[in-house]
Amino acid sequence: MCMRKYFIYCRKSTEDEDRQIFSIDAQLSELNAIALQSGISVVATFTESKSAKEPGREVFNEMLSRIERGEANAILSWKLDRLARNFDDGGKIIGLLQRGVIQEIRTFEKSYLPTDNVLMIAVELGMANQYVRDLSTNIRRGIREKIRRGIYSSKAPLGYINEPRLRTIEPHPEFFPKIKRVMELFATGQYSLTAIRKELAAVGIVGNLSKKPLPLSSIGNFLRNPFYYGVFLHKGEMHQGIHAPMISKKTFDEIQVALATVGKPRKKRGDKGFLFLNFSTCATCGHCITGERHTKRSGRRYRYYRCSHKNKLPHSDDRSLITEEKFAEEVKRNVALVTISDDWKEKFLAQIELWQNDETQARQRHVDRIKAELAALKTKIDRLNIAFTEGGIELAEFKELKNPLIVQKAVLEQQLTKAEKGEASPIEPLKKLIFEANQAQKWGLENNWLEMKSFLQNVGLNRQIRSQTLTVSFKKHWCSLAKTTVAANQAASESERNSVWWRRRELNPRPKSTCQPRLHAYSGQGFLLCDTVRTQVALPSPHDKISADSARSPPSTMPAVAFLRRSRCPPVNVVALRPRELVLD
């Protein structure tokens, strides 16, 4: 039998040197006495001040690594719970013991060998783990009870002491009146934190270990502590304490005012009033447009915007400055390209209301048709069931006739559910666009630069400055609206301008056929100019004002428009549907 070489392992549960101060020394004395008495060979001694509730103890892991390398094959410890109180470390010890890597674990009361019942070792380690869990639960319950009773559960603040017999917090017999006087002095607002530090040092209040004056941060922390006027914070919640308050709430508020007065907050960079920072880029180099202020000899201040010139390759050749007034005009000009006036908003919304009514009626007709087909199908199935029950048809023929009907019934029920639920209305994006474009016009009239800036950031990309001109690449549908606005502005007369926004023309001339008005509508790919031909329909003149009353015309006179990218069935009475995207030459 080989000679057993032992490692002595001692552990205490806390890293605080002031607590359990004699625990390690007591364990070492007892274990050395056991080793001397038994005549065992001790290779090394390991001591550790750390809880074994969680795995990850450095000294313990080092000891197991050295055992696996063969430096020792036995452990001498005061009790088994000194080695482990969690199942991770306990499992390692049991595994090494069963494989014979550890030939013995000796404690003051018994020894554990590889041949012993591992169940008993596991039970002891499990009891150690459960003890820690129960202890944690009991301590938390005790803390909650102390909080409910108004007793501060942590270390007493400066000027108080923890009374060990009653487990309460009492005023410090020496420092309490001194700190009270210092706090009242600071509340007058005539003392700085440095002066308060000198006053505290003069009365003997210094650091416990360094014996030097308290740092200013510590002084500021205890001056902000509400504990001194009778309350305390626990997990962000304020509780009324039963301890003796040092100062009144009024004095505490005066201290907070004095702290704000004598403090030196970091200076923050104020707003310099630039409206269009972080908004556009240089068209040459792609870097951001920055702002700068110029002050004339007369005292007048001007704000300019220019390229930041951060990109050397390619280098920006555009060295011109743009004034804030000119920049604002460019922003307003670009916003005006994607706006809709109140008059056209009302016309478009009146027509959209007709489309929504037509869509609702078409959906209802579709639902009614499916219900009728489903009722007829159910009647057929009932007749087949009755015929089979009365013996009119054979089983094979019954199955052959009924199975296809069941499949059709399932398909119709799915179609009915989908039709009743209804798809998202494709008209809603168009309505949203109309409202946003109309709101943008109001911002332009009000010179609301911040809202117009945000609006262009939402509807446009690649906002670039070149030669004091702002260009915006609008998103698809907004780009079509901008093209339409440009075409309307280039019209020579009011009649031509109205025909750009709302026009009608003959698509396919034939006897007694007319063409409905054309409306710019959002198709998912931009504004579309949609022409619809209907036969034998009397229409108003192209420039008549469309009111809400005239918009409530019968469904047979409503124009059709394609809103989605996917193809859809045309409405009833539509002869031709020709969407065309407006493109400027």
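Tutor: Asp81 is buried, at 16% relative accessible area. Buried means under 20%, exposed over 50%, and partly exposed in between, using a 1.4 Å probe and protein chains only. This is a predicted model, in which local features need pLDDT of at least 70 and side-chain atom pairs count only at pLDDT 80 or more, while totals for chains, interfaces and linings use all residues. Residues are numbered from 1 along each chain as its sequence is written, and side-chain values use heavy atoms, leaving out hydrogens and water.

The partner of Asp81 is Arg82; their side chains meet in a salt bridge at 3.4 Å, N to O. The criterion is a side-chain nitrogen of Lys or Arg within 4 Å of a carboxyl oxygen of Asp or Glu. Arg82 is buried too, with a relative accessible area of 12%. Side chains of opposite charge can pair when their charged atoms come close.

Next, Arg303 and Glu324. Their closest N and O atoms are 3.8 Å apart, and the two form a salt bridge. Arg303 lies in strand β12 (residues 301–307) and Glu324 in helix α9 (residues 324–336), so the pair ties together parts that are 21 residues apart in sequence. Helices (H or I, at least four residues) and strands (E, at least two) are DSSP runs, numbered from the N terminus.

Lys409 forms a salt bridge with Glu413, with the closest N and O atoms 2.7 Å apart. Both residues lie in helix α11 (residues 395–421). They sit four residues apart there, about one turn of the helix. An α-helix has 3.6 residues a turn, so residues three or four places apart point the same way. Lys409 is partly exposed, at 23% relative accessibility. Glu413 is also partly exposed, with a relative accessible area of 31%.

Some bridges join into a network. Arg4, Glu104 and Arg106 are linked in this way by salt bridges. Over the whole structure, a search finds 21 salt bridges. The pairs Asp81 with Arg82, Arg303 with Glu324 and Lys409 with Glu413 are among them.
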